[in-house]
Amino acid sequence: MIAGAALAALSMPASAEYPERNIQNIFPWGPGSAMAVTQIISEAMAQELGVNITVVSTPGAAGVKSFETALDKPADGYTFIDGWVAPLVLQPLVGNAEWTHEDFVPLWSATAVPFAIVSRKDETRWSDFPSLIAYMKEHPGELRYSSGSIGNIPHMVMAKVMQANDVYARNIPYPQDGDAFKDLRGGLLDFTFNNPTTYRSNSDAFQVLAIMTENEADREMFDGAPLVGDFGTDMGLTGLSPTGWHWYVVKPGTPDDVVETLRTAMKAALDRDDIQEKLKATGFVPTMYSPDQYDEIVGTVGEQLISAKEAIAWEADKIAGK
């Protein structure tokens, strides 16, 4: 009998009692609004699972360090990754990581951060997006803008918007986005990118000229401002491509039943009205893409970011007079 019971115990799946202990969510950035968002989702998931989920900030190498840290952990469901687009898609594209999105098992998508082109409210050279484009056509390369750092996703998206309209400007890098917004206020920059969080902090001084997505829900995040498509501009960027976004993933080899448990908990957390309102209040839009849509959605992002990266090279050639 004892031998039979022992054999039965050995034959049971290791994940039968999952989760038996606390879980870690490996997060790629330092403290800030993005970390607040992942804490909101993680706490709601923890309530569903009945254990604590600790968000572990692991910044470094544009998010690559967080993935490397998570991949060193066992594939047992006690570690999952807050997969932001930079380490999940962009860094592999530019040769800074050895994985692709296909090397991970998706849970649900989390949120997206839409970007917008803004200028000062008291700007007199233009009053809206079409008049900004008209001014840039008459003054090629004279305007100064910032996307934060050179080569980041806001830079890709802004360069793609300008390429679609056959205009260009000079991108001025800033180590801190707040410094760029201060210089926009002071007239040292002509326009810049904003996300909902920074726009809301500066809405008294900034005018949104165009939201650089196709998602109608993003208008709410910028006080009903127009989408860039309203002006007939087709950037060639669709879905999540022109945004910052994240998708929770786990290491390959994680047991199927554990994956399903995590997926169920995450879906239940994101379905809650109070969680959706908290996320929107922080400036992040719940995306609600299912695991079945992962390859289609994320694969498309990779293809389109290659095109957006080429727009940066196009911009540099224009500035150089080529």
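## Salt bridges, sheet and helix packing

The side chains of Glu260 and Arg263 meet in a salt bridge, with N and O 2.9 Å apart. A salt bridge here is a side-chain nitrogen of Lys or Arg within 4 Å of a carboxyl oxygen of Asp or Glu. Both Glu260 and Arg263 lie in helix α9, three residues apart, or about one turn of the helix. Helices (H or I, at least four residues) and strands (E, at least two) are DSSP runs, numbered from the N terminus.

This is a predicted model, in which local features need pLDDT of at least 70, side-chain atom pairs count only at pLDDT 80 or more, and totals for chains, interfaces and linings use all residues. Residues are numbered from 1 along each chain as its sequence is written, and side-chain values use heavy atoms, leaving out hydrogens and water.

### Salt bridges

The count comes to 11 salt bridges. Arg21 bridges to Asp76, with the closest N and O atoms 3.3 Å apart. Arg21 sits in the loop between α1 (2-11) and β1 (23-27), while Asp76 sits in the loop between α3 (64-71) and β3 (79-84), 55 residues apart. Arg185 forms a salt bridge with Asp204, again with closest N and O atoms 3.3 Å apart. Here Arg185 belongs to helix α7, and Asp204 to the loop between α8 (196-201) and β9, 19 residues apart.

How exposed are these partners? Buried means under 20% relative accessible area, exposed over 50%, and partly exposed in between (1.4 Å probe, protein chains only).

| Residue | Relative accessible area | Class |
|---|---|---|
| Arg21 | 46% | partly exposed |
| Asp76 | 22% | partly exposed |
| Arg185 | 39% | partly exposed |
| Asp204 | 57% | exposed |
| Glu260 | 41% | partly exposed |
| Arg263 | 17% | buried |

### The five-stranded sheet

An open sheet holds five strands in the order β7-β6-β8-β5-β9. Its pairing is mixed. Two strands pair if DSSP finds at least two bridges between them. The edges are β7 (170-171) and β9 (206-211), each pairing on one side only. Strands β6 (residues 144-146) and β8 (residues 191-194) pair in the parallel sense over two bridges. Ser146 has Thr192 of β8 as its bridge partner.

Two helices lie across this sheet. Helix α6 (residues 153-164) lies across β5 (116-120), β6, β7 and β8, and runs at about 125 degrees to β8. Helix α7 (residues 177-186) lies across β5, β6, β8 and β9, at about 140 degrees to β8. Axes are lines fitted to C-alpha atoms, for helices over the stretch in contact, and angles run from 0 to 180 degrees between N-to-C directions.

### Helices α9 and α10

Helix α9 (residues 256-271) packs against helix α10 (residues 273-281) at an angle of about 75 degrees, with the axes 5 Å apart. That makes α9 roughly perpendicular to α10, a term for angles of 65 to 115 degrees. Ala269, Leu270 and Asp271 of α9 make the contact with Asp273, Ile275, Gln276 and Leu279 of α10. Contact means heavy atoms within 4.5 Å. By class, four of these residues are nonpolar, one is polar and two are charged. Ala, Val, Leu, Ile, Met, Phe, Trp, Tyr, Cys and Pro count as nonpolar, Asp, Glu, Lys and Arg as charged, and the others, Gly among them, as polar.

Note on methods:
Parallel < 35°, antiparallel > 145°, perpendicular 65-115°, else oblique.
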